[in-house]
Amino acid sequence: MDKILTFLQFGGYTLVRNSTDLFRSFGFDTQPHTVIPLQHLVSFGLNLVSRSFEFQADAFAKKLGYGSALRGGLV
């Protein structure tokens, strides 16, 4: 899942980084340099979602009785 999200991030970035028409449609005369900071914010948000899924998976494994095996695999 992380690989798909990373691919979509980079794919989306490459679509907008040189698109002067996109920036003009928002009223900019020149291409602003705000795409990189936005990329970091999107990456941070996706990281939060990914971590949330990891915690859910760990809780599910614990619920099924694999908590000690999971803990042993992490140490």
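Visitor: Which elements have the lowest and the highest mean pLDDT?
Guide: This is a predicted model. Helix α1, residues 2–16, has the lowest mean pLDDT among the elements, at 76. Helix α4, residues 67–74, has the highest, at 88.

Visitor: What is the mean pLDDT of the protein chain as a whole?
Guide: The mean for the protein chain is 82. Of its residues, 91% reach 70 or more. A caution applies: where pLDDT is low, predicted coordinates should not be read in detail.

Visitor: How many helices and strands does the protein chain have?
Guide: The count is four helices and zero strands. From the N terminus, the order is α-α-α-α.

Visitor: Why is the protein chain called more spread out than a compact globule?
Guide: Set its radius of gyration against the globule rule. The rule gives 11 Å for 75 residues, and the protein chain has 19 Å. That is well over the rule, so the chain is more spread out than a compact globule. The C-alpha atoms fill a box of roughly 60 × 20 × 15 Å along the principal axes.

Visitor: What share of the 75 residues is buried?
Guide: Buried residues make up 9% of them. The protein chain exposes about 6500 Å², and carbon and sulfur atoms supply 66% of that area.

Visitor: Why does Pro37 count as partly exposed?
Guide: Its relative accessibility is 43%. Buried means under 20% and exposed means over 50%. The value for Pro37 lies in between, so the residue counts as partly exposed. Pro37 sits in helix α3, residues 35–63. Its C-alpha atom is 18 Å from that of Phe7, 30 residues apart along the chain.

Visitor: What makes Ala57 partly exposed?
Guide: The relative accessible area of Ala57 is 41%. The same cut-offs, 20% and 50%, apply. Ala57 falls between them, so it is partly exposed. Ala57 is also in helix α3. The C-alpha atoms of Ala57 and Leu15 are separated by 33 Å, at 42 residues apart along the chain.

Visitor: How many charged side chains are there, positive and negative?
Guide: The protein chain has 7 positive and 5 negative side chains. The centres of the two sets lie 11 Å apart.

Terms used
Residues are numbered from 1 along each chain as its sequence is written. This is a predicted model: local features need pLDDT of at least 70, side-chain atom pairs count only at pLDDT 80 or more; totals for chains, interfaces and linings use all residues. Side-chain values use heavy atoms; hydrogens and water are left out. Helices (H or I, at least four residues) and strands (E, at least two) are DSSP runs, numbered from the N terminus. The radius of gyration is taken over C-alpha atoms; the globule rule is 2.2 Å times the number of residues to the power 0.38. Buried means under 20% relative accessible area, exposed over 50%, partly exposed in between (1.4 Å probe, protein chains only). Accessible areas come from the Shrake-Rupley method with a 1.4 Å probe; for residues, only the protein chains shown count as cover. Lys and Arg count as positive and Asp and Glu as negative; His and the chain ends are not counted. The place of a charge is taken as NZ of Lys, CZ of Arg, CG of Asp or CD of Glu. pLDDT is the predictor's confidence in each residue, from 0 to 100.
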